[in-house]
Amino acid sequence: MLDSEPDAVLGPFSSPGAQATPWASVLAAWSLGGMCFTTGGQERKARNLERNPHCALTTGTSALTGVDVVIEGVASVVHERSEREQAVADFERKHGAHLTGPEGSWYGLGEAVIAGEVRLYRVAPTVGFAFGKLPTSSQTRYTWPSR
C-alpha cells in the first residue's frame, strides 16, 4: 500500500507563475494507501468494476474556477471490517459533520460502510492530474513511488 504523498510536477500547459496543486488540498478520501469511495453493490459503478477494475476517479466543479482532479488506477473492494473502520475514521477526519452530523450530506454512511451495507473501494493510483482553472490555470501531474 502507498502511504506517502505523490510527487507533484507542474505541466507545460500552465499559466506563467502557476504553482502545482498541493496534494493535501485535493478533495478526496485518501485511506488505506489509496483513494477510497463507496457505492451500492448493485449500482452500475460496482457492476462495471466487477468486469474491469481499471478506472478513473474525477471530481471538480461545473464552473470556470476551482480545481478538477482525475486519478487513474485499479479498484478493489475492501472486505476487512478493521480496514473499513479505518477508512470511515479517515473520511470523518477529512469531512467532519458531512458524515457525523444529522444534517450532513452523508449522515449514516460511516455506519453503513462499517457494517458492509455499502461497498467500499480502494483505488491504487497509477497517475493523477489536477487542473487549476481561472484566474490562473495550472496542470499538475501526480505520480506515486513504485510499489
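Exposed means over 50% relative accessible area, and buried means under 20%. I wrote that cut-off down before opening the model, which is a predicted one.

**Entry 1: A97**

I looked up A97 against that cut-off. Its relative accessible area is 54%, so A97 counts as exposed. I then asked which element holds A97. A97 lies in helix α3, which covers residues 97-100. I also checked A97 against S62. The two are 35 residues apart along the chain, and their C-alpha atoms are separated by 24 Å.

**Entry 2: the whole chain**

I stepped back to the overall fold. I find four helices and seven strands. Read along the sequence, the order is β-β-β-α-β-β-α-α-α-β-β.

Next I checked the overall dimensions. The C-alpha trace spans about 50 × 35 × 30 Å along its principal axes. Does the radius of gyration agree or disagree with a compact globule? For 147 residues a compact globule would come near 15 Å, and the chain has 16 Å, so the two agree.

I noted burial as well. Of the 147 residues, 39% are buried. The accessible surface is about 8600 Å², and carbon and sulfur atoms hold 53% of that.

Contacts came next. I took those between residues at least 6 apart in sequence. Of these, 66% join residues at least 24 apart.

Then charges. I have 13 positive side chains and 15 negative ones. The centres of the two sets lie 7 Å apart.

**Entry 3: strand β6**

Which strands pair with β6? I found β3, β5 and β7.

- β3 (residues 34-39) pairs with β6 in the antiparallel sense over five bridges. Here T39 has R119 of β6 as its bridge partner.
- β5 (residues 67-77) is also antiparallel to β6, over 11 bridges. V77 stands opposite Y121 of β6.
- β7 (residues 138-143) is antiparallel to β6 too, over five bridges. F129 has R141 of β7 as its bridge partner.

A hairpin of five residues joins β6 to β7.

I kept one rule in mind here. Most residues other than glycine have a negative phi, and most peptide bonds are trans.

Is the peptide bond between L134 and P135 cis or trans? The bond is cis, with omega at about 10°.

Where is L32? I found it in the loop between β2 (30-31) and β3. Is L32 buried or exposed? Its relative accessible area is 14%, so L32 is buried.

**Recap**

I end with A97 and L32 side by side. A97 in helix α3 is exposed at 54%, whereas L32 in its loop is buried at 14%. For the sheet, I keep β6 with β3, β5 and β7 as its antiparallel partners.

Note on methods
Residues are numbered from 1 along each chain as its sequence is written. This is a predicted model: local features need pLDDT of at least 70, side-chain atom pairs count only at pLDDT 80 or more; totals for chains, interfaces and linings use all residues. Side-chain values use heavy atoms; hydrogens and water are left out. Helices (H or I, at least four residues) and strands (E, at least two) are DSSP runs, numbered from the N terminus. The radius of gyration is taken over C-alpha atoms; the globule rule is 2.2 Å times the number of residues to the power 0.38. Buried means under 20% relative accessible area, exposed over 50%, partly exposed in between (1.4 Å probe, protein chains only). Contact means heavy atoms within 4.5 Å. Accessible areas come from the Shrake-Rupley method with a 1.4 Å probe; for residues, only the protein chains shown count as cover. Lys and Arg count as positive and Asp and Glu as negative; His and the chain ends are not counted. The place of a charge is taken as NZ of Lys, CZ of Arg, CG of Asp or CD of Glu. Two strands pair if DSSP finds at least two bridges between them.
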